[in-house]
Amino acid sequence: RDLHVTVPRMALSDSDVEKQIQHMIAFIDQEAREKADEIAAKAEEEFSIEKGRLVQQEKLKIMAMYEKKDKQIELQRKIQRSNHLNQSRLRILKQRDDQIKQLLEAARGRLSDVTKDTACYQNLLKGLIVQGLFQLLECHVVIRCRKADVSLVKAVFSSAVHDYEKGTKKSVKIVVDEASFLGSEVSGGVVLLAQEGRIKVENTLDSRLDLLSRQMMPEIRMRLFGANPNRKFDD
């Protein structure tokens with residue numbers, strides 16, 4: 001026969017129950033604290049990450065803003081520098097143009113000296129008439145000159161006609177205009193008219209100086225100011 005031994009259960013006292021309850025409360029409280037700490041730590045971490053992201057974002061915005069301002073300032077400086085350079089170039093160009101004008105005015109003032117040597121001036125008048133005849137190639141030509149030069153023109157126009165007809169094998173009739181003369185502002189030379197004044201060749205000393213100055217302008221600039229490194233072609 002099996003023998004069954006029954007161990008009597010001991011009833012918990014009130015103090016034991018209280019201890020177990022307190023133990024359970026302490027455990028639950030510890031768990032709650034740990035969970036709260038975990039949640040707080042995670043929230044703090046997420047806050048730090050978000051704060052760092054926002055700070056970096058604002059920092060990038062500020063950097064972009066200052067970079068834009070720096071570019072604007074640099075652009076303004078370049079524009080100001082370019083304006084200063086252009087103004088300086090314009091001043092230099094104006095000074096050079098003034099020098100050339102003074103030079104040409106001085107040359108124009110000396111044109112009257114050409115007429116003082118009668119023999120030389122008379123030969124020059126002949127050359128101007130012949131050149132004008134070759135330009136016109138007309139059979140009837142009127143020559144207009146200064147009133148003081150009428151006798152000189154009459155003295156050479158026959159020889160001028162001979163040179164023209166010899167060179168072109170064409171005849172020409174010349175008339176010196178003694179009713180209308182070149183103005184006092186003209187330094188000398190002649191004006192040749194054909195076909196009732198519809199065709200005109202100006203061969204005055206002043207017009208020859210203007211033509212010569214235009215043709216020689218590159219050389220004049222070179223002699224006065226030297227070579228321009230920025231100029232590719234002469235004008």
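What is the relative accessible area of Val17?

Reply: The relative accessible area of Val17 is 33%, so this residue is partly exposed, a class that lies between buried (under 20% relative accessible area) and exposed (over 50%), judged with a 1.4 Å probe and with protein chains only. Before going further, please keep in mind that this is a predicted model, in which local features need pLDDT of at least 70 and side-chain atom pairs count only at pLDDT 80 or more, while totals for chains, interfaces and linings use all residues. Residues are numbered from 1 along each chain as its sequence is written, and side-chain values use heavy atoms, with hydrogens and water left out.

Val17 has its place in helix H1, which covers residues 14-109; helices (H or I, at least four residues) and strands (E, at least two) are DSSP runs, numbered from the N terminus. Together with Ile21 and Ile25, Val17 makes a nonpolar surface patch of about 220 Å². Such a patch is made of residues with over 30% relative accessible area and no salt bridge, where nonpolar side chains (Val, Leu, Ile, Met, Phe, Trp, Tyr) are joined within 5 Å and like charges within 9 Å. The areas themselves come from the Shrake-Rupley method with a 1.4 Å probe, and for residues only the protein chains shown count as cover.

A patch of the charged kind can be found on the surface as well, where Glu31, Glu34, Asp37 and Glu38 gather with their negative charge. In this count Asp and Glu are negative and Lys and Arg positive, with His and the chain ends not counted, and each charge is placed at NZ of Lys, CZ of Arg, CG of Asp or CD of Glu. Glu34, one of these four, is found in helix H1, and it counts as partly exposed because its relative accessibility is 41%.

Side chains of opposite charge can pair when their charged atoms come close. The whole structure holds 16 salt bridges, and one of them joins Asp29 to Arg33, whose closest N and O atoms are 2.8 Å apart. Both of these residues lie in helix H1 and are four residues apart, about one turn of the helix. With a relative accessibility of 36%, Asp29 counts as partly exposed.

Another salt bridge, at 2.8 Å from N to O, brings together the side chains of Asp210 and Arg108. This pair links distant parts of the chain, since Asp210 sits in helix H5 (residues 205-215) and Arg108 in helix H1, 102 residues apart. Asp210 has a relative accessible area of 28% and is therefore partly exposed, and Arg108, at 24% relative accessibility, counts as partly exposed too.

For a view of the surroundings, Glu178 forms a salt bridge with Lys154, with the closest N and O atoms 2.6 Å apart. Here again distant parts of the chain are linked, with Glu178 in the loop between strand E2 (173-176) and E3, and Lys154 in helix H4, 24 residues apart. At 47% relative accessibility, Glu178 counts as partly exposed, and Lys154 counts as partly exposed at 37%. Returning to Arg108, salt bridges that share partners join Arg108, Asp206 and Asp210 into one network.

Ser82 is a further residue of helix H1, and its relative accessible area of 34% makes it partly exposed. The C-alpha atoms of Ser82 and Val156 are separated by 60 Å, although these residues are 74 apart along the chain. Lys200 belongs to strand E4 (residues 199-204) and counts as exposed, at 52% relative accessibility.
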